[in-house]
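Thanks, everyone, for making the time. I would like to walk through one model with you, going from its overall make-up to a few individual residues.

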Amino acid sequence: MAFQDAFNKVRYLFRPATVIVTCLTFMAIADLVGILLINFVSTSSTAYDVILALITGVTASVFVAVIIEMVNNYQRNNKRWLFLTPLYSTLLHYSSESAIGTGHYDSNKSHVDLVTQIHQNLVAQGQESEEEAHAAIEKASSVFLDDEDDTDEDRKRDHDRIRWVFSRLPDIIPQIDDAYRNHADVLSRNELDSMDTILVAYQQIEDVIKMEVMERSTILYGRDPKDPGDLVTWLPKRIKKDLGRSILLTLAQEERQAEWKKTAEALIHSGSLLAVGIELSEDLVDNESDDDASEADLDSASSRFISAQVSRIDHELLSLQKMIKSEPGFGSFFSLMQERERPYLR
């Protein structure tokens, strides 16, 4: 681990390598041209001295620039490691978690194989008999591979990628928002573009859900009491009596908006209601009419819009994951993790 840590810190010096490669390329071209020109002039001439001075100056300047860039790279990558490790860890496990959550990863078989490997090692070390190991493996197989209780409906629900991604957003979005706002100086342009796309899409999801909550509250407005003062719960009754109806209506509307906001935030951060429009329209089953049908169509459109934004976020999260593959330390860990998971992917 000490060797790997030292190796990663050396790699910090050369990432990103764009400026370093550009400087070294410029130096190589300039020195090559200078060497070619110096062969056509006399060694005792002024032109020879000028060309030699230019070659020496360019070479020395480029080496200084490269050293400064390497120091800047080290400081930048060290900050990335300190500040972005939680986010990078989340993104590295994103593919494996999605494979498990959507049913594309056979976690039961991986558990059985792990138990088998453990007991085989115990037998090889003489700490367990073959009979005991065989019994333990059989027990693990009976526990992990027994999925007869699962129904097709359960599998379809649990294996829906859109729903799974939506359920993970309350955990992932705050990390991306923090990195985008507070650590932009250590992020690349491509990373910032992907994070900006994710945050914009998530904000649009929030807006749609808030509108859905507001629409439902507007439809149910007729069920409210005739006295708007009854909706204002934080004022004493003696004060309500002295206030006019218009003031009470304003206060009631403010209280209603606060409730809408709380309801919308609860729906968003629960991570469990993707088709918010469909869920809300189920409350309108009573006394259906043509207007109700049009509202249901609107809800369905909102749900499709949310699904599209979630797919967009999913795509950008996978793009961020690909960018992390080149990170010192994280990339090698991700490759090893992929290699171990490949036999269990369906």
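What you see has 14 helices and 0 strands in the protein chain, and please keep in mind throughout that this is a predicted model. Read from the N terminus, the order of elements is simply α-α-α-α-α-α-α-α-α-α-α-α-α-α. Of the 346 residues in the protein chain, buried ones make up 34%, and if we take the contacts between residues at least 6 apart in sequence, 76% of them join residues at least 24 apart.

The largest nonpolar core has 39 residues, and the members that touch the most others are Ile 176, Ile 209, Ile 313 and Leu 317. At least two residues of this core come from each of α3 (46-92), α8 (161-182), α9 (189-219), α11 (245-270), α13 (290-324) and α14 (330-341), with the largest share, 10 residues, supplied by α9.

Beyond its neighbours within four places in sequence, Thr 197 is in contact with Arg 312 and Glu 316.

Now to α3, where I would ask you to follow the helix from its start. There, a side-chain oxygen of Ser 45 comes to within 3.3 Å of the backbone nitrogen of Tyr 48. A straight helix of 47 residues would span 69 Å at 1.5 Å a residue, whereas α3 spans only 60 Å between its end C-alpha atoms. Where does α3 have a kink? A kink of about 70° lies at Leu 84, shortly before the proline Pro 86.

Next, the aromatic residues, for which the count comes to 2 pairs. One of them is formed by Tyr 94 and Trp 164, and this pair is tilted, at 5.5 Å centre to centre with 55° between the planes. It links distant parts of the chain, since Tyr 94 sits in helix α4 (residues 94-101) and Trp 164 in helix α8, 70 residues apart.

Phe 7 lies in helix α1 (residues 2-12), and with 44% relative accessibility Phe 7 counts as partly exposed. Although Phe 7 and Gly 329 are 322 residues apart in sequence, their C-alpha atoms are 9.0 Å apart in space. Asp 106, for its part, has its place in the loop between α4 and α5 (107-124), and at 18% relative accessibility Asp 106 counts as buried. Between Asp 106 and Leu 345 there are 239 residues of separation in sequence, yet 6.3 Å in space, C-alpha to C-alpha.

That is where I will stop, and I am happy to go back to any of these views.

Definitions and conventions: Residues are numbered from 1 along each chain as its sequence is written. This is a predicted model: local features need pLDDT of at least 70, side-chain atom pairs count only at pLDDT 80 or more; totals for chains, interfaces and linings use all residues. Side-chain values use heavy atoms; hydrogens and water are left out. A nonpolar core is a set of buried Ala, Val, Leu, Ile, Met, Phe, Trp, Tyr and Cys residues joined through side-chain atoms within 4.5 Å. Buried means under 20% relative accessible area, exposed over 50%, partly exposed in between (1.4 Å probe, protein chains only). Helices (H or I, at least four residues) and strands (E, at least two) are DSSP runs, numbered from the N terminus. The expected span of a helix is 1.5 Å times one less than its number of residues. The bend at a residue is the angle between axes fitted to the seven residues ending there and the seven starting there. A polar contact is a pair of N or O atoms within 3.5 Å; within protein, one must be able to donate a hydrogen and the other to accept it, and residues adjacent in sequence count only if both atoms are side-chain atoms. Rings of Phe, Tyr and Trp (its six-membered ring) pair if their centres lie within 6.5 Å; planes under 30 degrees apart count as stacked, over 60 as edge-to-face and the rest as tilted. Contact means heavy atoms within 4.5 Å.
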